[in-house]
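Below are my notes on the model, point by point. Please read them beside the coordinates.

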Amino acid sequence: MSIAYWRERNRYYRILGSKCKECSAEFFPPVYKCRKCNSEKLAEQEMPKEGKVMAYTLSRDIITGFEDQEPMIIGLIELQNGVKMVAQIADASADQLAVGDKVKAVFRRVSVNGEAGQIFYGYKFVKIDK
Amino acid sequence: MKKVLIAGASLTKVGDHWNKSLLDLAVEAGSAALKDAGIAIPDQIVVGNMFSGFSSLQENLGAIIADSLMLQGTPALKVESSGASGAMACNVADSIIRSGQANSVLVIGVEKMRDMEPNDAVHAASLGESASFTQFFGISQTAMCALLTHLYMQEFEISRDELSVFPVIAHKNAVPAEHAQFRKAITITDVSRSMPVSDPLRLLDCAPVGDGAAAVVLCSENGQTKNAEAEISASAASTDSLNFFQRDDMFDFTATRRALAKALAFAGLSIKDIDFAEINDSYSSVAALSVEALGFSKRGEGVRDAKEGKFDLNGKIPISTFGGLKGRGNPIGATGVYQIVEAYRQLTGTAGANQVKNAKTGLLHNMGGIDSSAAVHILRRVG
Ligand SMILES: [Zn+2]
């Protein structure tokens with residue numbers, strides 16, 4: 001897990017995805033081939049950090065290692081460039097959220113590896129107050 | 001082209017097998033299917049299983065099961081495609097027979113879920129989603145499915161209670177089924193009052209956690225020891241993007257639709273020829289999207305058709321005839337093989353109280369992930 005985490009750190013810290021050099025389409029998670037035009041000519045591309053909530057759920061269906069975060073709000077978020085991603089929505093209760101709410105990415109603790117005590121960090125989203 | 005006949009079948013009850021291991025269950029079902037077929041030594045063994053390495057620290061399932069059945073020397077392997085592992089094991093066996101490489105294949109689907117702690121079982125069931133971008137963030141497959149369910153309800157103006165028609169049908173059919181995990185009828189109110197899991201999905205919207213194994217012996221005409229009563233007319237599979245939200249149309253189970261088209265074309269049949277269907281009703285919303293992708297309902301109308309009785313045991317297209325994933329239970333990698341055994345019972349008139357009248361042609365639908373993998377089988381009565 002630690003090596004995989006280190007390898008993916010820029011994906012988790014900066015929401016680093018891909019951009020097609022042929023058709024300019026952007027993707028997150030990163031892709032091996034453009035999902036629009038099939039090109040293999042891809043560049044790394046940081047995603048915009050703001051978007052809106054398309055759907056959200058208050059989940060009690062919890063994977064080992066995330067017990068202390070139950071229940072978690074998981075959202076489907078459409079970023080400003082149209083890329084859709086699923087992520088945790090932090091600092092809110094479900095009744096404070098609505099479809100269409102604007103959210104921004106923040107850098108947070110994702111989980112703690114029980115045995116080694118290593119902390120994994122990554123993106124979560126929070127509501128933007130108007 | 002060679003025919004693929006069903007020579008024998010067996011299954012264990014689905015549920016909490018505290019006293020039986022993964023291997024115990026696989027050997028029990030496999031041994032009984034071989035006896036039922038009257039075949040001592042199959043040419044090949046194919047095992048359908050999703051996460052034995054995670055749940056039971058056991059891989060090399062082909063060899064350990066062959067060894068336990070005293071079939072050392074028989075080639076054996078495991079096939080994994082998340083929730084579609086069982087159907088994909090049958091798909092591989094079907095290809096091996098049609099190619100002429102083997103005249104008899106023992107297919108065993110097995111999953112052991114109850115050796116795991118509940119949160120590990122959630123993780124196991126989510127292993128088919130992205131390790132880096134879904135599991136890493138603690139997002140379960142059920143949570144992903146809940147998001148799709150919200151969007152589906154919103155798009156087609158379907159209420160939470162309307163979705164409940166699918167688990168109600170499943171549980172009703174499970175009542176007389178001896179091998180089913182939950183032999184108890186439920187109401188729409190029971191579903192809406194059950195524990196919230198990941199809204200809008202509640203406990204009774206979701207297929208349960210359970211152990212089980214099912215097995216069939218598939219044969220060519222040269223391999224049978226008695227006149228087979230049913231055949232696999234078609235076995236087809238397809239895939240789609242892992243993330244449902246990256247699809248052009250989130251409400252079209254494209255992998256399912258493609259597998260269906262291939263299966264119908266191969267069998268030379270149309271959807272109107274289907275007498276009953278075992279569908280992948282792992283969640284209420286997935287059941288609705290499945291009957292729509294399979295062409296039994298128009299887009300967005302799966303729930304309405306279900307409410308009108310189309311999918312009841314005595315309806316136009318009975319589904320989940322022994323309870324489906326929701327009522328019979330969903331020992332994940334075994335489920336596709338359970339469907340084959342159940343359809344075999346329907347086609348041979350041995351389904352008891354669950355019998356669909358004049359069942360000649362059955363369709364089986366098994367899914368991995370949220371339709372990232374899909375397999376469709378068409379089974380027919382012989383003669
Ligand atoms: Zn492109």
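**Notes on the domain interface and the strands**

1. Seven residue pairs, both at pLDDT 80 or more, are in polar contact across the interface of domain 1 of chain A and domain 2 of chain A. A polar contact is a pair of N or O atoms within 3.5 Å; within protein, one must be able to donate a hydrogen and the other to accept it, and residues adjacent in sequence count only if both atoms are side-chain atoms. Helix 2 of chain A gives the largest share of the domain 1 side, four residues.

2. This is a predicted model: local features need pLDDT of at least 70, side-chain atom pairs count only at pLDDT 80 or more, and totals for chains, interfaces and linings use all residues. Side-chain values use heavy atoms, without hydrogens and water, residues are numbered from 1 along each chain as its sequence is written, and chains are lettered from A and ligands numbered from 1 in the order in which they are written.

3. Domain 1 covers 1-47 and domain 2 covers 48-130 of chain A, with bounds from an automatic or database domain assignment. Their centres, taken over C-alpha atoms, are 20 Å apart.

4. The rule finds one salt bridge across this interface (a side-chain nitrogen of Lys or Arg within 4 Å of a carboxyl oxygen of Asp or Glu). Glu46(A) forms a salt bridge with Lys49(A), with the closest N and O atoms 3.0 Å apart.

5. Strand 5 (residues 72-79) and strand 6 of chain A pair in the antiparallel sense over five bridges. Strands are DSSP runs (E, at least two residues), numbered from the N terminus, and pairing requires at least two DSSP bridges. Ile77(A) has Met85(A) as its bridge partner.
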